[in-house]
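Subject: Handing over a structure

Dear colleague,

I am passing the structure below to you, and my notes on what was found in it follow directly after. Please read them with the structure open beside you.

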There are 4 protein chains.
Amino acid sequence: MSATTTPDADLRQSLVAWRRDFHRFAEPGWTEFRTSAAIISVLRGLGWRTVYGPELHGASGRLGVPGPEVLAAARERAIAQGADAELVAAMGEGFTGVLGVLETGRPGPTVCFRFDIDSNDLIESAAPDHRPAAQGFASVNAGAMHGCGHDGHAAMGLGLARLLTGLRDELNGSVKIIFQPAEEGLRGAHSLVAAGWLDDVDVFAATHLVADGRPGHVVTGADTYLASTKFDVEFAGVGAHAGGDPEKGRNALLAAAQAVLGLHAIPRHSAGASRINVGTLTAGEGRNVVPRAAHLRAETRGQDSAINDFMFARAQEVVAGAAAMYGVEHSLTVVGRADREDPSPELLPFAAACFQDLPGVTVISERPDGPSGSEDATAMMRRVKERGGLATYVHIGMATEWGHHTERFDVDEDALAIGVEAAARMALGAPEFLASLPERS
Amino acid sequence: MSATTTPDADLRQSLVAWRRDFHRFAEPGWTEFRTSAAIISVLRGLGWRTVYGPELHGASGRLGVPGPEVLAAARERAIAQGADAELVAAMGEGFTGVLGVLETGRPGPTVCFRFDIDSNDLIESAAPDHRPAAQGFASVNAGAMHGCGHDGHAAMGLGLARLLTGLRDELNGSVKIIFQPAEEGLRGAHSLVAAGWLDDVDVFAATHLVADGRPGHVVTGADTYLASTKFDVEFAGVGAHAGGDPEKGRNALLAAAQAVLGLHAIPRHSAGASRINVGTLTAGEGRNVVPRAAHLRAETRGQDSAINDFMFARAQEVVAGAAAMYGVEHSLTVVGRADREDPSPELLPFAAACFQDLPGVTVISERPDGPSGSEDATAMMRRVKERGGLATYVHIGMATEWGHHTERFDVDEDALAIGVEAAARMALGAPEFLASLPERS
Amino acid sequence: MSATTTPDADLRQSLVAWRRDFHRFAEPGWTEFRTSAAIISVLRGLGWRTVYGPELHGASGRLGVPGPEVLAAARERAIAQGADAELVAAMGEGFTGVLGVLETGRPGPTVCFRFDIDSNDLIESAAPDHRPAAQGFASVNAGAMHGCGHDGHAAMGLGLARLLTGLRDELNGSVKIIFQPAEEGLRGAHSLVAAGWLDDVDVFAATHLVADGRPGHVVTGADTYLASTKFDVEFAGVGAHAGGDPEKGRNALLAAAQAVLGLHAIPRHSAGASRINVGTLTAGEGRNVVPRAAHLRAETRGQDSAINDFMFARAQEVVAGAAAMYGVEHSLTVVGRADREDPSPELLPFAAACFQDLPGVTVISERPDGPSGSEDATAMMRRVKERGGLATYVHIGMATEWGHHTERFDVDEDALAIGVEAAARMALGAPEFLASLPERS
Amino acid sequence: MSATTTPDADLRQSLVAWRRDFHRFAEPGWTEFRTSAAIISVLRGLGWRTVYGPELHGASGRLGVPGPEVLAAARERAIAQGADAELVAAMGEGFTGVLGVLETGRPGPTVCFRFDIDSNDLIESAAPDHRPAAQGFASVNAGAMHGCGHDGHAAMGLGLARLLTGLRDELNGSVKIIFQPAEEGLRGAHSLVAAGWLDDVDVFAATHLVADGRPGHVVTGADTYLASTKFDVEFAGVGAHAGGDPEKGRNALLAAAQAVLGLHAIPRHSAGASRINVGTLTAGEGRNVVPRAAHLRAETRGQDSAINDFMFARAQEVVAGAAAMYGVEHSLTVVGRADREDPSPELLPFAAACFQDLPGVTVISERPDGPSGSEDATAMMRRVKERGGLATYVHIGMATEWGHHTERFDVDEDALAIGVEAAARMALGAPEFLASLPERS
């Protein structure tokens, strides 16, 4: 592979600058208006084709999109924070995210990289030894913070685009870089897949920075993500004065309490790990009123999709039965989901070779050694594999003290260049690698 | 009224003898084969017409009848304990109880008295200071004991029949004495009412001995019985090995546990007292098996029938919803019920007059001063009132230490003659009393 | 009684103006800074002694006071809405409410009237046929609205003060008018009582406007208020990632759900009505986090204080047990309470006489005919009676369509003058009335 | 190995005869009086030393022993079914089971085999195509049935003893055969271990017949048994009349219902599989009585002992908290337990060699491929390993249609000789095998 894949000092500076800019103006899922607009601007400047707005997601099918007031406020804020107003308008009702495409015009495979770009619902620490606070790039958007490294992912995506632009003459086929919105809550991948953008992909890699305290530890085939379904439940009963005529009420809180217990009583599955969580419950209008409404935010998980399907099917029964117990109405809405999908084993040695001998890389493993959360990039992996392509999910370890989804999470910025260079190598080497596979020769 | 209503020494002895015989051979609801056969024999000896078997109840409509094995064993036992085998056969599948009718042939009202005859599910005390044990008439039927005085009631009914037979020439119209089965559990009255035996009744009185420690304290219009519904619930799920494949189970115990909590969470009613109880729960097959079956015995009550209806309607929702939560089947069977029915106010002075100056009577009140259980005689009262008759429910206090439904309950046998004489007065005086009422004149 | 007790046109206009001013600037319990300051100004202008701030309540003992930020914001708002800044500062950390005292210097009884002044947590209707909205005096304070008529009560208190000032020479003894804060939630009366302001009261009356659609229907001895305890519960567990390591969590939401069911399963009480309500439950931090915290707002009630005490004692057990089930910490804080207290029967004829023949009065009853909520004025009544005085609670019916605690509640302003005149008659007539009582002569 | 290890026709007949005899007189855990007496007789006849009664278990420390009436009835039945009365008396209060010892007098290792002998709580099928029924050896003991093959295990133990007696001159060291009582419920192994009988064992093997439909499929190192704790819970409250004074009750059923839900809500463990089951719940005395007592039979399991310990520790909290919620007493008794213990890896090739080429053996695997229940032989394995010995757990597949713990379970009697011969080979070959191990040479 060509030594020219190494990011130079200028690109390294840009990676940090982009990451800090995204960090400062953190935007939660489906409100990444400013982030997306900034990405579009850079890609356009590099001459890439950009896909965004309803074209990217299709008109329907997105999961867990916030309500119109939230979107309107986010658009307004994005513009106030420097986003191009026309681009923001084009993303309208939360059609955020960007697909950048580089077409060489030469025959060859389509290689696709996925970076997610949304922030978390966290209040960032103001502690003086929290670097973003100390150096002035802590989030200025209240309640939003990049606590999972997606600011770094977005920067890596831009860095990769710039690097590949310079390597254009050495590339064959096409490169796609997906800047995915709304990974948190497992919401953003599905509509992108449904819109067909993965259908022609031959090699796919998603990359995630991992705060494991092991800088340079690379995992080429992360396979421990749990299948998961995220869902909201509304119980709607009838209020009544709790002292005057309690019998007239239909108590939504009691239905919710029974449901919470019933959800946790869904049996363990003998085929593998399962999970259930009711993360939040908000119910009732006042101390002396029989609660009319209750709202749950919950999730199931499974070591594979069948186990998660079992959990979610039982969960739906539990919720419906609990509502019936109390004569209250209910609605259950899926707001996110992820399947379990294994990396393509034949892709892993190639991925390892792309990380081999890169500065800062210390260990390269095939599989992670701990439990994981869930990831909707699996939907992309599944689609690529269904269509005959190869897909994997890569972890890059970081020298970081605080864990993901904490108020003190920070990105080890040295890891950014590693991810960029390995991806560039993958794009460059994919034609030869694919040609070497027996079934593809 | 005639002084000849006073029971003589012979009748007093018979009252005690009958009562102790019934006590010794206690029979629970719908299995009073020996008790009923004995009653029929006495009534026949007095020349009364007797109605029993399916004619008494109609072919269907009885509530809470035990299963065929229980009935077969009870029939066999009754015969072994001296019951007439033909009569037992005639009562077949639990068509117990007797209606005795005395028709004078002279015009006049129909006066009806109700005495219940079934025993309780109690293990009678063997304590040496428990009179039935000390004097050899404790129950010989394991798990069955007259713990509510129905042995005394049955004896009073027979005493009344014998007394009225002697007074036959002074009576007008007809007298009916109902020896009702299965009052415990509120099961026995409804089919008797449905069969029409109360339709022609002009004056109705039910009598109950009360262990209130106030001998001779008479209440002429007991009106505090709660409306109630008794019901059984079966949950039927799917068993599974709790270690090997718990996900294959459908857990009936969990459904039952949720139902129990949901039943107790039915709201209080602002219009008056309500009650809920799940008295027993039996579930599961073995420690390491996901429970396949669960069985509840429960009841609702209400200060009036509307409140009880509210409770029972909500209870049905709770049970159905809990079953749905766990994907188990369920069935809910009403095995007993009672409405709330007020005594006819115009009857109370006449009832008081019948008790006036009787030996042993100390105080005569219109209403009781404490809370009560429930009573299915209210179904008879309601029917009588619907048809234009007058009805009431009488309490006779007893000098008794142990409460109803305890293993040491005993009847104050001095109270028996009081009840008999007052009832005889009522039968004799009814024509004149009715004639004195403005609306009936 | 003197005809001079009749409010003139000027006073009638003031009653309406005061009421509408209080309505427009509605302030919830313990934040009635502007309302209290306005009351103090009027009373000072009339020459009454005023007691307020910590002197009124004592330094400790107030129940359910909001946190310092809420109070600071309320103070700021009150000043912005015209309140005297010095008075607001004197009320500092929520020591709101006012006691006005008129001392005649002549011997005689102390007569005390109580009017409550706080608003409800409601969003007032903007419907064009809602008079406050149509006529421009709807609440300008978001989420606060006078939905229980305390704006009218406060106005009546001021009207009474002005009327009695004019009748000063005909009065004997002293008059106290208590403008009580924080009646909603049963919070404001107890510290006032503890501070001793009721200790010398001979005749006490609280007055409440009632939206029963029966204008001029007066109840002189409202006795159906339920005893009640209002309490908050916090469960504090340990968060954990619901996918990654759920076993590390201590689930506060599950503890809360079990507690909610356990609270509703507290048994009915055979001695009378009981109530339980968990009005609100808020739990959890995020969908994929084991809930670390849960917060309940709940209440018990009882037909008498013993029943409420039973309910609350059981509730404390339930909450502690539920916390122990899940290994979470808990705290339970009483934020309001009311006992049941009966009006003094000997006071009722006098109260009736004070309303007799007043313009607009249609019916005078001794007792209300429906169920009620709860009232902390009972604490004042209890104290007065304990010290040998007489106390009652008066209802004045109103021609109003919408019920209490609804967004469309409105005061029938014609009722204000009725309350004022009857109270003035009570103050004037109290010496003679008390002298007429046998035990006081 | 010597061909003389092959069971001859006579021994094969005896294996079947013994198994069918044990099957016919099935005895549940701690009541295996007849079974144990029969085993002692055979062993004595072969000249083996036998250990039984309190010497075998120590005076205390047995788990889950039935009450004295159950034991007395079982002793009486055993004698009636032919057991030696003196031996039965020696086993007294359920000290069942036998240890047979063959000491060669020559130096060499101690090799120990464990066979369990207790039956299950099942009603055996009477279907004509159920072989035990068709051929007249179905269980004659109501409610007891060999539904897990322990009848076959006991027969194998006796067959092994007879075979080894014949091979006595070729053996070195000692052989122990443990006929363990009460494996069902994980009760019988612990006291035997505590009494020291495993302390000198160098090679240990437990053998289990498995109804997997794969005759001759041998697993040499079954390692999927879950750690487990079996426990009973009693809740003791206060009864009360559910209509008359429910507030006087302390509801044990409600405590149990909450506990059941709380137990099932114990979180999943990220380190591996966990299980919880409440297999049975029995509560309450009568429909109209507030339940005074409730009894649960429950179990936890874990993929390793730490996970099971986590489950059981949480379960204890849940039960204690639920009792506290309702002010009822509770007690929790451990009636069985098993740890997870892995087979010694160095023993597996030797075990495989012992099965190699045996008639009927089809496949030899190291590990099972499905989930399992739990086993208290792990306590023996643990002790042997702690003392420096090697231990394993062997499965022998059977051509059987019906699963374990079903009413139609039957033993594939062809498997018996396989187990016997492999064990004999193990006893004969152990000295050489042990000498071959590097660390033991």
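Predicted model: local features only at pLDDT ≥ 70, side-chain atom pairs only at ≥ 80, totals over all residues.

**Where chains A and C meet**

A:L281 stands opposite C:A283 in β8(C). These two residues belong to a pairing in which strand β8 (residues 274-283) of chain A and β8(C) run in the antiparallel sense over 3 bridges; two strands are said to pair if DSSP finds at least two bridges between them, and the elements themselves are DSSP runs numbered from the N terminus, with helices (H or I) of at least four residues and strands (E) of at least two.

Residues are numbered from 1 along each chain as its sequence is written, and chains are lettered from A and ligands numbered from 1 in the order in which they are written.

Taken as a whole, 36 residues of chain C are in contact with 36 residues of chain A, where contact means that the C-beta atoms of two residues, placed from the backbone, lie within 7 Å. On the side of chain C that touches chain A, at least two residues each come from α9 (252-264), β8 (274-283) and β9 (293-302) of chain C, and β8(C) gives the largest share, with 8 residues. That side has 16 nonpolar, 13 polar and 7 charged residues, counting Ala, Val, Leu, Ile, Met, Phe, Trp, Tyr, Cys and Pro as nonpolar, Asp, Glu, Lys and Arg as charged, and the others, Gly among them, as polar.

**Where chains A and B meet**

Here 22 residues of chain A are in contact with 22 residues of chain B. The elements that give two or more residues to the side of chain A are α9 (252-264) and α10 (305-326) of chain A, and the largest share, 8 residues, comes from α10(A). By class, this side of chain A divides into 10 nonpolar, 8 polar and 4 charged residues.

Chain A is superposed on chain B by a rotation of 180° with 0.1 Å of shift along its axis (RMSD 0.1 Å), fitted by least squares on the C-alpha atoms of residues with pLDDT of at least 70 in both copies. The two copies are therefore related as by a two-fold rotation axis, and the C-alpha of chain A nearest that axis is that of A:G321, 2.2 Å from it. Because 100% of the interface residues of chain A are also interface residues in chain B, the copies meet through the same surface.

**Inside single chains**

In chain B, 8 strands form an open sheet of mixed pairing in the order β1-β2-β4-β3-β5-β12-β6-β11, with β1 (49-52) and β11 (363-365) of chain B as the edge strands, each pairing on one side only. Strand β6 (residues 217-219) of chain B pairs with β11(B) in the parallel sense over 3 bridges, and there B:H217 stands opposite B:V363.

Chain A is assigned domain 1 (3-224 + 341-440) and domain 2 (227-338), with bounds that come from an automatic or database domain assignment. The C-alpha centres of these two domains of chain A lie 34 Å apart, and their contact takes 10 residues from domain 1 and 9 residues from domain 2.

With best wishes
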